[in-house]
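Hello,

Here is the structure I promised to pass on. Please open it first, then read the notes below.

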Amino acid sequence: MDDQHDSPLPRRRLGRGLDALLGGAVHDGGTPHEDAVPISEPPNHIHVELIDRNPFQPRKEFEADGLKELAESIRQRGILQPILVRQFEDHYQLIAGERRLIAARQVGLETVPCRVVAADDRTVCEIALDENLKRRDLNVLEKAQAFRFYLEHFQCTIEDLAGRMGLDRSTVSNMLRLLELPEAIRLAVADNRISAGHARALLVLPEPRAIELCQRIQDEGLSVRATETAVKVLQLPEGGNGADVVPMAKPGSPQKSNHVLDLERQLQEQFGVRVEIKLKKNQSGQIVLHFASNDEFEGIVQRVRRAA
């Protein structure tokens with residue numbers, strides 16, 4: 001996909017996010033922020049070797065095929081949307097548009113169009129977070145690690161971070177809790193062998209049992225709901241291994257394809273709650289969003305309203 005344009009600009013989410021950097025540089029309250037003002041207009045052409053990577057970039061790897069397509073687009077039409085940078089000592093530091101910069105280097109461009117802005121570290125970090133939260137190829141653990149870095153680096157609370165990013169506190173907390181999982185389970189999440197919903201269900205188990213059930217999820221293709229049921233049984237005094245209570249599909253119910261299971265996973269990560277896609281024989285069905293608290297319910301409502 002050719003994404004030479006930055007992701008949709010954050011509105012009130014970041015306060016002085018990309019909208020402020022590219023335009024009025026205004027807080028929610030209406031006061032201009034001195035550290036978020038455009039410097040170069042029209043865009044400058046800056047040598048690619050003078051542009052350093054964004055130190056707050058959560059993404060560590062970029063998908064090769066997508067970069068190849070983007071490079072071909074740049075070869076044919078050039079860079080349509082300027083890259084966003086800030087002055088940093090005698091170089092420039094990337095804020096947004098790293099894929100375009102990498103692709104431009106691949107096709108041999110010596111200079112790229114850039115818009116230079118003044119922005120502090122916190123603004124740059126927030127923009128990098130916001131830009132990457134919209135991307136499906138950034139796994140939930142990378143997002144969680146980026147949140148933890150933000151909290152530690154800027155010495156703020158989860159409530160503060162959630163408010164600045166336009167997220168629910170429970171969404172941020174749930175992501176951060178995944179970092180407490182044993183390494184074997186974190187690797188399974190990172191490799192998409194289990195979903196974030198599966199991983200959250202495993203958090204309450206002791207490490208040996210969590211790892212054992214994680215392997216069963218992969219071997220038997222357990223759904224999130226089946227995993228949650230197995231976890232409840234494992235927590236009982238007589239426990240066992242939870243194998244005898246995994247709910248079976250109703251007779252005659254269509255089996256979920258890998259595509260449907262992947263859609264469930266994506267919706268669970270998007271809404272931060274357990275999601276079920278229930279299929280029927282006549283190509284109808286239901287999408288069920290489960291919530292366990294008022295915060296989770298409000299989070300679902302806010303996301304649906306934003307999408308509308």
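Let me start with a charged pair. Glu 72 makes a salt bridge with Arg 75, and their closest N and O atoms are 3.2 Å apart. Both residues sit in helix H2. They are three residues apart, about one turn of the helix. Glu 72 is partly exposed, because its relative accessibility of 35% lies between the 20% and 50% cut-offs. Arg 75 reaches 54%, so it counts as exposed. Please keep in mind that this is a predicted model.

Asp 121 and Arg 86 meet through their side chains in a salt bridge, at 2.8 Å from N to O. Asp 121 belongs to helix H4 (residues 121–133), while Arg 86 belongs to strand E4 (residues 83–88), so the pair ties together parts that are 35 residues apart in sequence. Asp 121 is partly exposed, with a relative accessible area of 33%. Arg 86 has 7% relative accessibility and counts as buried.

Next, go to helix H10 (residues 207–220). Arg 216 forms a salt bridge with Glu 220 there, with the closest N and O atoms 3.0 Å apart. Why are these two separated by about one helical turn? Because they are four residues apart in the helix. Arg 216 is buried at 11% relative accessibility. Glu 220 is partly exposed, with a relative accessible area of 47%.

**Aromatic rings**

A pair of aromatic rings is described by the distance of the centres and the angle of the planes. Searching the whole structure gives three aromatic pairs. One of them is Phe 56 with Phe 149. This pair is tilted, with 5.8 Å centre to centre and 50 degrees between the planes. It links distant parts of the chain, 93 residues apart. Phe 56 is in the loop between strand E3 (51–52) and helix H2 (64–77). Phe 149 is in helix H5 (residues 140–154).

Phe 149 is partly exposed, at 33%.

Tyr 150 and Phe 154 make another pair. Their ring centres are 4.9 Å apart and their planes stand at 55 degrees, so this pair is tilted. Tyr 150 and Phe 154 are four residues apart in helix H5, so about one helical turn separates them. Both Tyr 150 and Phe 154 are buried.

Now put the pieces together. Phe 56, Phe 149, Tyr 150 and Phe 154 form one aromatic cluster.

**Helix H5 against helix H7**

Stay with H5 for a moment. Two packed helices are described by the angle between their axes and the distance between the axes. H5 packs with helix H7 (residues 169–177) at an angle of about 105 degrees, and the axes are 8 Å apart. That angle makes H5 roughly perpendicular to H7.

Which residues of H5 meet H7? They are Val 140, Lys 143, Ala 144, Phe 147, Arg 148 and Leu 151. On the H7 side, the partners are Val 172, Met 175 and Leu 176. The contact of H5 with H7 divides into seven nonpolar residues, no polar ones and two charged ones.

Ser 170 is also placed in helix H7. Ser 170 is buried, with a relative accessible area of 18%. Leaving out residues up to four places away in sequence, Ser 170 touches Asp 295 and Glu 296.

**A proline in a loop**

Last stop: Pro 43. Pro 43 lies in the loop between strand E1 (37–38) and strand E2 (44–47). Pro 43 is partly exposed, with a relative accessible area of 28%. Which residues is Pro 43 in contact with, leaving aside neighbours within four places in sequence? They are Pro 82, Cys 114 and Arg 115. Pro 43 and Cys 114 are 71 residues apart along the chain, yet their C-alpha atoms are separated by 5.2 Å.

Over to you.

Best wishes

How values were computed
Residues numbered from 1 in each chain as written. Predicted model: local features only at pLDDT ≥ 70, side-chain atom pairs only at ≥ 80, totals over all residues. Heavy atoms only, no water. Phe/Tyr/Trp six-rings, centres within 6.5 Å; stacked < 30°, edge-to-face > 60°. Buried < 20%, exposed > 50% of the residue type's maximum accessible area, 1.4 Å probe, protein only. Salt bridge = Lys/Arg side-chain N within 4 Å of Asp/Glu carboxyl O. Contact = heavy atoms within 4.5 Å. Axes fitted to C-alpha atoms, helices over the stretch in contact; angles between N-to-C directions. Parallel < 35°, antiparallel > 145°, perpendicular 65-115°, else oblique. Nonpolar A, V, L, I, M, F, W, Y, C, P; charged D, E, K, R; others polar.
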